[in-house]
Amino acid sequence: MSSSCIEEVNLGDNQWYRIVQEMLSQADIEINGTRPWDIRFTNPEFFKRVLQEGSLGLGESYMDGWWECDRLDVFFQRVLTAKLDQQLPHHFRDTLRVAAARLTNLQSRKRAWIVGKEHYDLGNDLFTLMLDPYMQYSCGYWKQAQTLEQAQEAKLQMICEKLQLEPGMSLLDIGCGWGGLAAYAARNFNVSVVGVTISAEQQKLAQERCTGLDVSIQLQDYRDLSEQFDRIVSVGMFEHVGPKNYAKYFEVVNENLKPDGIFLLHTIGANKTDSNVDPWIDKYIFPNGCVPSVRHIAEASEPHFVMEDWHNFGADYDVTLMHWYQRFLSAWPQLADTYGERFKRMFTYYLNACAGAFRARDIQLWQVVFTHGKQGGLRVAR
């Protein structure tokens, strides 16, 4: 009997294989199929590992080379649309992690710096090659854009218009990244900008990019802010605040925003209110993060602000992520010696899994505009 026949017989007797096969069939995904979204396994222990360890086992086994898929983005779109993630057993470690998130403050002043060191400080070489010239590590706006640069410029322009920036105004950028929005606002709208970040690498590059502009980039926790600004913006940072700090976050924004000011919050959003975070993403990409829900934002902002506009363009994040992935692949020959093959598989999995999640409408992207309610009939540009 050939080795392939023996393998088939063994798989037929493998209960783990049968369970995974039945689950994947619900999403029209085949094991060792020929379509781009079908998976090919290289280690028969893969099935047991996924069923015992859930999302963490799926991601780590991919990093270990135990399975392959030509279109991970489509694979995840199908998995999430079929809600297969809800059928995977929860590992005991995941249960403990969720309990810890509810009982402790995973985004305390001390712990808030972890994500800066472990993700945003990975290397400016990586992000410079993967992102657009504005260095925007958040969703672009693709309504009329054809390229990544156009989409990110459209996003920056829309944010500045929603904030109704005027020359001479002061703007606070909470979680300013590499200074792309700060530089754009200062250069195109003649405003004075203070940006805060918890990433030393981001601060270094942002300061270089903002040379000659009325921009100050500070390495600082948002909770230490104590100044008055005409406008406040926060793009792609609220995901790192955590439910136990939402009230404090909006309190800080309220205290730092002038009475007639405008605040714009740009964040990924969850369809349901909980403290659950994908364990693989938590371990390898964004430690201690949590995607907020509508209720999270509404309850935390209600004591301080009037919600003027809520804009969902989550489908645009799918397009943005796929552009990042193509740029990442194109740049890999320049990055390979520094980061290694396991990192490539990790980042490939991350970008495609997130793209599939947005395509499946499992997560959203929101821009929410707030005021103190002192403006009469505020009109928000789009």
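Buried residues have under 20% relative accessible area, exposed residues over 50%, and partly exposed residues lie in between (1.4 Å probe, protein chains only). The model is predicted: local features need pLDDT of at least 70, side-chain atom pairs count only at pLDDT 80 or more, and totals for chains, interfaces and linings use all residues. Residues are numbered from 1 along each chain as its sequence is written, and side-chain values use heavy atoms, with hydrogens and water left out.

**View A. The salt bridge between Asp28 and Arg78.** A salt bridge is a side-chain nitrogen of Lys or Arg within 4 Å of a carboxyl oxygen of Asp or Glu; the structure holds 18 of them. In this one, the side chains of Asp28 and Arg78 meet at 3.8 Å, N to O. Asp28 lies in the loop between helix H2 (15-25) and strand S1 (39-41) and Arg78 in helix H4 (residues 72-81), so the contact ties together parts that are 50 residues apart in sequence. Helices (H or I, at least four residues) and strands (E, at least two) are DSSP runs, numbered from the N terminus. Arg78 is partly exposed, with a relative accessible area of 25%, and Asp28 is partly exposed at 38%.

**View B. The salt bridge between Asp64 and Arg342.** The N to O distance of this pair is 2.4 Å. Because Asp64 sits in the loop between helix H3 (46-63) and strand S2 (67-69) and Arg342 in helix H15 (residues 341-359), the pair ties together parts that are 278 residues apart in sequence. Both side chains belong to partly exposed residues, Asp64 at 35% relative accessibility and Arg342 at 39%.

**View C. The salt bridge between Asp318 and Arg359.** Here the side chains meet at 2.7 Å, N to O. Asp318 in helix H14 (residues 315-339) and Arg359 in helix H15 are 41 residues apart, and the pair links distant parts of the chain. Asp318 counts as buried, at 11% relative accessibility, whereas Arg359 is partly exposed at 24%.

**View D. A salt-bridge network.** Salt bridges that share partners join Arg49, Glu53, Glu60, Asp64, Lys283 and Arg342 into one network.

**View E. The buried residues of helix H11 (residues 246-256).** Tyr246, Tyr249, Phe250, Val252, Val253 and Asn256 are buried. Down the axis of H11 they fall within an arc of 155 degrees, so they line one face of the helix; the arc is that of the directions from the helix axis to the C-beta atoms. Their cover includes strands S3 (170-174), S6 (229-235), S7 (257-270) and S9 (363-371) and helix H13 (294-301), with contact meaning heavy atoms within 4.5 Å.
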